[in-house]
Amino acid sequence: MAPKAKAKPKPTIQVAAPDSRPAAEAEAEADAGTSISFDDLFTSLDKYIKASDYKQIIKVADEILGLAPAEVDALHCKVVALIHSDQVDEALSLIQSSHQLPIDFSFHKAYCLYRRNRLDEALEALKGQERNSNVLQLEAQILYRQGAVDSCISSYEKLIQKFKVDSIELKTNIIAAFITGGRSAEISSLMASLEVTPNSSFEMAYNAACALIEKSNFAESQELLLLARRIGQEMLIEDEYTEEEIENELAPISVQLAFVQQALGNDGDAMTAYNNILKQKLADAPSIAVATNNLIALKGAKDVFDGLKKFDKLIDKSGGGQGLQLADSLEYKLSARQKEAIYCNRALLLLNANKLDQARELILTLLNMFPDSVTPTLLQASLLIKENKSNQAEEILGKITEKFPMKSTLALLLCAQVAAAASHYQVAIESLQRITEIKHRPGTVATLVSLKEKAGDIDGAEAVFDAAIEWWSSNMGEDQHTLESIMQEAASFKLKHKKVKAAAGLFEQLVKSTSPLVRSEALNGLVSTTAHTDIAKAEIYEKQLPPLPGLSSVDIVALEQTAGVHPATSIGKHPRGAEYAAKTSGGEDDKNKTKLKKKRKRKPRYPKGFDPANPGPPPDPERWIPKKERSTYRPKRKDKRAAQVRGSQGAIVRDKPLDHSANGPSNSRSSHASGNAGKAASTSSEAAKSSTSASHKSKKKSRR
């Protein structure tokens, strides 16, 4: 199974922080000097709130709380300023420490918990709150991040019905939820009801393109993505963003454009785009993760280990290093479908790399993480096939098709493939016939016919052809070519199995075709079929055949008369043609006589001194093999003392003066052209020879 390549729509979600409210005038609870101080502080606080200077808001609020720790308005302003300054942990600590004060921070607490990805606690904090627009929006955002898209859409629908939606960010989030929930067909009407167009913002154009991608309308989605990038660049340049910041903001658009190229079949352009995105080292972690996954899926089984290295960069290794947890920057920013694609592609790479233990561990985890998905079960079946456990794979695939009948197409195809490979033809046939949407497709028809033919069910194979012809005849539309190709194959199959009359009926229908090639082939078939039953009819069809070029000058009668005659080159060009012909014709009887003669049996010749009655032990079967290659060969032992060197490592052994008189004069001289190393080697070898000879002499003397 081929590793998964489809990009997941990734609509833009922007979370707005709770709005701050102006500080109320403090009650006079102290002396005159203190109240003057309070008035000045609250005046400054109100000025900084209007200027959105959150750093100064926090500073002034701290001064007020230093004088009056129970001042709820200053506390509220500080909490909101901390949230806007992205100091979410400090805001959450401040909220928890002020639970005894008469102020309700439930909404702010829920928002802080949402920012910290503590989603269940965030939903719990919203319970009992008034269902105003802020609460419904935050609830929808929490449900979206949890993957509960249907509940998220329900919250957004309540928000649209009860309140007037004016914020472009909120409208963007609503459209994003509908796309993720699989309701892309409603996007056009939804955008009309919200009074927005793709030109409203680059996020809106991006989400509209994602809706078209879900409907496989890639050409129009590419145009919208290009529009989104142009609008985004113009808007961000006006806001004085740097070039690097603009690339980070528009990274999702670049990744989606690369995927559209991949979906359109431009694999080279898509691979170049993915590599360029990864080389830029953008700060948008989700876009990097999607680009990495799609690039690996595009390469397939190539560079398996390089793909595993790329996936390792996306994984949080602090949890044990088993590759079952994404990094914190991805865990809550990727959708459930995106995470499933990354995990499943990693499992495929492990299978291709034959790391079966790691693949098994990951697949078992995926079965628990995504219980409503078919893909982990397909991976489990692939693992069992790798381990030569085809029967278990068939059993697992059969269970998953019963559990998810609406998602069983891939499982049934894999089950058919496994069963056919194991020669379980009937199981493969039943699996293919259950896939109603492709049952009558040419490829499926050809596979079913082949399987039934192997199973010996010729009538069943013929029934498959008949059902396909009937279906295409009633649902043909403009696809005449498919019907004619199936009819041609059916006629050939019936003619092959001696069902001449049925084949002739199909050929008669094909003769009416508008295609000259199909018509000529049908006429050929009619001639060959009707020649068995009706010669006159066959001759009529034969006259309708188009003439073959180059045969008009051939004399058929003369060609038939020359049948069986030797070519002229065998006799005419022979130097003595007549004599050669006479010899060849007259010598046939002699050849027959020689063939009848029996060959004289000769006695076997034995070696000298060999007695056939007592042959003795059989000869060595390895006698023709070189001695060094025989099983009984044992090499001679070398004298280990010859090359023995005494002393520390690196010490130089000096040769002792040798008496060569015993061995005769030496004629070998070292060449001046040879290197020092060669000289040292020759000297040491001579020393070894002389030392061994000296040792032999001493042994002889001691023996005497």
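Cys77 counts as buried because its relative accessibility is 3%, and Cys210 is likewise buried at 0%. Here buried means under 20% relative accessible area, exposed means over 50%, and partly exposed lies in between (1.4 Å probe, protein chains only). A disulfide is a covalent bond between the sulfur atoms of two cysteines. With a disulfide taken as a pair of cysteine sulfur atoms within 2.5 Å, the count comes to zero.

The model is predicted: local features need pLDDT of at least 70, side-chain atom pairs count only at pLDDT 80 or more, and totals for chains, interfaces and linings use all residues. Residues are numbered from 1 along each chain as its sequence is written, and side-chain values use heavy atoms, with hydrogens and water left out.

**Overall architecture**

The protein has 35 helices and zero strands; these elements are DSSP runs numbered from the N terminus (helices H or I, at least four residues; strands E, at least two). Of the 704 residues, 35% are buried. The protein exposes about 44,000 Å², of which carbon and sulfur atoms supply 51%; accessible areas come from the Shrake-Rupley method with a 1.4 Å probe, and for residues only the protein chains shown count as cover.

Met204 belongs to helix 11 (residues 202-214) and is buried, its relative accessibility being 0%. Its C-alpha lies 5.9 Å from that of Thr172, although Met204 and Thr172 are 32 residues apart in sequence.

**Loops with positive phi**

Most residues other than glycine have a negative phi. Ser216, however, has a positive phi near 60°. Ser216 sits in the loop between helix 11 and helix 12 (218-238) and is partly exposed at 48% relative accessibility. Asp303, also not a glycine, has a positive phi of about 50°. Asp303 is placed in the loop between helix 16 (285-299) and helix 17 (304-312), and its relative accessibility of 48% makes it partly exposed.

**Salt bridges**

The structure holds 24 salt bridges, each defined by a side-chain nitrogen of Lys or Arg within 4 Å of a carboxyl oxygen of Asp or Glu. Examples are tabulated below.

| Acidic residue | Basic residue | N to O distance |
| Glu121 | Arg118 | 2.8 Å |
| Glu387 | Lys389 | 3.7 Å |
| Glu462 | Lys499 | 2.3 Å |

Glu462 lies in helix 26 (residues 458-474) and Lys499 in the loop between helix 27 (480-496) and helix 28 (500-510), so this pair ties together parts that are 37 residues apart in sequence. Glu462 is buried at 13% relative accessible area, whereas Lys499 is partly exposed at 25%. Both residues belong to a salt-bridge network that also links Asp459, Asp466 and Lys494. Glu121 is partly exposed at 40%, as is Arg118 at 32%.

**Surface patches**

Patches are made of residues with over 30% relative accessible area and no salt bridge, like charges being joined within 9 Å and nonpolar side chains (Val, Leu, Ile, Met, Phe, Trp, Tyr) within 5 Å. Glu243, Glu244, Glu245, Glu247 and Glu249 form a negative patch. Lys and Arg count as positive and Asp and Glu as negative, while His and the chain ends are not counted; a charge is placed at NZ of Lys, CZ of Arg, CG of Asp or CD of Glu. Glu243 lies in helix 13 (residues 243-249) and is exposed at 67% relative accessibility.

Val554, Ile556 and Leu559 make a nonpolar patch of about 270 Å². Within this group, Leu559 is found in helix 31 (residues 556-561) and is exposed, with a relative accessible area of 53%.
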